Amino acid sequence: MISEETTKVLKEQYVPSAEFYSQIIDSLQDYSIFTVDKDLNINSWNSGATKIFQYETDEIIGKPFEIIFTKEDKENGIPKEEIDIALKAGRSVDVRWHLCKDGKTFYADGLVFPLKNEVDEVIGYVKILRDITARKVSEDAIKEYAKELEELNTHKENVLAILSHDLRSPLAGIIQGADYLKSNFDTIEPELAKNLLQEFYNASVNELNMLDYLVEWARIKYAAEAFVPAKIELIHYVKKVFESLKETAAINTINLHSEIQENCSVFADEKMLLSILQNIVSNAIKHSHKGGQITLSAKQSDNMMIVQIKDTGVGMSKEIQDSLFAPQVNSLSKAVEENKGAGIGLLLAKGFLEKNDGRIWVESELGKGSSFYFTLPIDKPSDKTAVLEEVETVNI
């Protein structure tokens, strides 16, 4: 048997030293591990921290704890809050963005806990964290994909509902009326026959317009290969829309006016931009008073271009504004019946804008006209796919 004296000698011989623990900590390249003193100044820094934050040991020692936090977190008192929680609860766990030496940020999973001496006095704090940006990017991508799938399913249900309700019902009416005309052709009054034929014609045109809308609507989600965004001059497409709608506007003596300057560029798909402008301006014409004016203008805000389409028309209530970009089947049907098509037209515009990283909203007052606004990026947005590929390369 091993004697107590031998056991004691072995224990004393193999007790790890502080240097041993220091070497282990310094070898953890994927973890930033450092300590701060009671004044919250950094007083130790492992090689993992250098790898993650880019600060060398000699340039970070003595710097305040808050140096690794974003400007927003510092303004909100997050560094002190972490320390307070650690003192109260024994540890503070956090998942947040942190700041590197070069100003770039990364997403980190970390914790802080008090460092105590032999008599249980707090002499400082230990901060341990790891970079989980790649995991966050992947999780965000999965969430975005799930959201797109949900939207795609809703989109499919809307299309099916419109096909079964908005297209089938009018078509059934056309067939029934045509059958009546055919069966009574020899005895029916010419004036009645003429009126029936006019109704058939109007209903058929509406059916065709609805099909055209549906084709464009489906293109938003299903024809990804048709999406070709590029840097384009906004004024050229405004002129095209004005040219195509000038006769419709002239019937009601509505003036189409553009205040958009040359060299006003956006990054968008050409066909989608044309459809967006066509739908909104066409909608404005239909709801404008005779002798009114529709004005297009644009201004830059950060990296986005804000386009305004202002009319002097009938305006709309707050209730209509709130439901304008989420039309239900019955409201779409009513729009088609009235030969306005505004429901699907604005739905198309919204879908195309979202596809181009833009958005749309409206400001209106009954009797005082409406202003539709939409945004489009001025330059090519960051490529999310490229980011994912870069993350995957790093993780291999």
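Tutor: Before we count anything, helices (H or I, at least four residues) and strands (E, at least two) are DSSP runs, numbered from the N terminus. We're looking at a predicted model, in which local features need pLDDT of at least 70 and side-chain atom pairs count only at pLDDT 80 or more, while totals for chains, interfaces and linings use all residues. Residues are numbered from 1 along each chain as its sequence is written, and side-chain values use heavy atoms, with hydrogens and water left out.

Student: OK, how many helices and strands does the chain have?

Tutor: Go by those DSSP runs, with helices needing at least four residues and strands at least two. The chain then comes to 14 helices and 12 strands.

Student: What share of the chain is buried?

Tutor: Buried means under 20% relative accessible area, exposed means over 50%, and partly exposed is in between (1.4 Å probe, protein chains only). Of the 396 residues in the chain, the buried share is 37%.

Student: Now the rings. How many aromatic pairs turn up?

Tutor: Rings of Phe, Tyr and Trp (its six-membered ring) pair if their centres lie within 6.5 Å; planes under 30 degrees apart count as stacked, over 60 as edge-to-face and the rest as tilted. Searching the whole structure gives a total of 7.

Student: What kind of pair do Phe34 and Phe65 make?

Tutor: Phe34 sits in strand E1 (residues 32-37) and Phe65 in the loop between helix H4 (57-60) and helix H5 (71-75), so the pair links parts of the chain 31 residues apart. Both Phe34 and Phe65 are buried. Their ring centres are 6.3 Å apart with planes at 50°, so the pair is tilted.

Student: What about Phe53 and Phe106, which type are they?

Tutor: Phe53 is in helix H3 (residues 47-53) and Phe106 in strand E4 (residues 105-116), 53 residues apart. Phe53 is buried at 0% relative accessible area, and Phe106 is buried at 4%. With 5.3 Å centre to centre and 70° between the planes, the pair is edge-to-face.

Student: Which residue lies over the face of Trp361?

Tutor: A charge sits over a ring if NZ of Lys or CZ of Arg is within 6 Å of the ring centre and within 35 degrees of the ring normal. Over Tyr107 that charge is Lys136, at 4.6 Å from the ring centre. Over Trp361, at 4.1 Å from the ring centre, it's Arg359.

Student: Let's do helix H9. Where is its kink centred?

Tutor: H9 (residues 234-251) has 18 residues and spans 26 Å from first C-alpha to last, close to the 26 Å expected. That expected span is 1.5 Å times one less than the number of residues. The bend at a residue is the angle between axes fitted to the seven residues ending there and the seven starting there. In H9 the kink is about 55°, centred on Leu245.

Student: Is Ile83 buried or exposed, and which residues does Ile83 touch?

Tutor: Ile83 is in helix H6 (residues 78-89) and, at 3% relative accessibility, counts as buried. Contact means heavy atoms within 4.5 Å. Not counting residues up to four places away in sequence, Ile83 touches Leu40, Phe65, Val112 and Tyr125.

Student: Last one: what's the phi of Asn263?

Tutor: Most residues other than glycine have a negative phi. Asn263 is in the loop between E7 and strand E8 (265-269), and is exposed at 66% relative accessible area. Asn263 isn't glycine, yet its phi is positive, near 65°.
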